[in-house]
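Colleague: I am new to this one. Can we go through the terms you use for it?

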Amino acid sequence: MPASKLLPLSEAIDRFVPDGSSIALGLAQETLIPFAAGHELIRQNKKRLTLIGPISDILFDQIIGAGCVFKIRAAWVGNVITGSSYNFRRGVENGTLEMEDHSNLTLAMALRAGAMGVPFMPARTALGSDLFKTNTSLKTMKCPFSGDILAAVSAINPDVAIVHLQRAGKFGNAHAWGNLGITRDGCLASRHIIITAEEIVEPEVISRDPNRVITPGFRVSAVAHAPWGGHPSPVPGYYNRDH
């Protein structure tokens, strides 16, 4: 029988997120954003972090404001209901924060490549845009079969993915439902996975509904019980967004 992966959230963050880590967050778009884990990063005064994610809500801005971040790889950084992220904007304008601009799809393709273990993914996305002028992880290439010009999106392999889900078992298998965004690819692309969950349930509850399992338990480094751990973002089946 595998060993239990249950840890207090503080211990999971301390053990698997050293200073200088690259972290995938907010992988389910506007839902299931791991605010409790993000606040623990701040509490432990982590430094020189790279934050990766398509939709950050205000969590990225809070972590930036705490002085924990030196680089962002994202499509959008802001508050879902009120727009701009002020700490993020100040950091970029003052030159204290490095930014790698993506579209939602280039970031999704980068994590898909990372999950598949290939160095890049070919795509048509972003062709004709200015992203190629500022993002060195995007190149153009000629397709060896059709001769078409395509975008080559370099793989991203974060050091750790932190995801908040509805329920998890002690062996790392966990259920998620609702809009999953790029959660599966983000988890599989990452070297470590930390799951925070509204509920901890018996492994039999997870195995009865395998289609909801978000990532194989053997790939998970830690599971932490974190009721309301996604608040103020919505967690389908538990609570709506708190505006």
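Predicted model: local features only at pLDDT ≥ 70, side-chain atom pairs only at ≥ 80, totals over all residues.

Colleague: Why is Val 80 called partly exposed?

Modeller: Its relative accessible area is 33%. Buried means under 20%, and exposed means over 50%. The value of 33% lies in between, so Val 80 is partly exposed.

Colleague: Where is Val 80 placed?

Modeller: Val 80 is in the loop between strand S4 (78-79) and strand S5 (83-84).

Colleague: Which residues touch the most other members in the largest nonpolar core?

Modeller: That core has 33 residues, and those residues include Leu 27, Leu 111 and Ile 156. Helix H5 (104-116) is among the elements that give it two or more residues. H5 gives the largest share, six residues. A second, separate core has 30 residues, including Leu 41 and Val 77.

Colleague: What does Ile 156 touch, leaving out residues up to four places away in sequence?

Modeller: Its contacts include Ile 52, Arg 73, Leu 107 and Leu 111.

Colleague: How do you know that the side chains along S7 alternate?

Modeller: Met 121 and Ala 123 point to one face and are buried.

Colleague: What makes S7 and S9 a pair?

Modeller: Pairing needs at least two bridges. S7 and strand S9 (residues 149-154) have four, in the antiparallel sense, so they pair. Pro 122 has Ala 152 in S9 as its bridge partner.

Definitions and conventions
Residues numbered from 1 in each chain as written. Heavy atoms only, no water. Core = buried A, V, L, I, M, F, W, Y, C linked by side-chain atoms within 4.5 Å. Buried < 20%, exposed > 50% of the residue type's maximum accessible area, 1.4 Å probe, protein only. Contact = heavy atoms within 4.5 Å.
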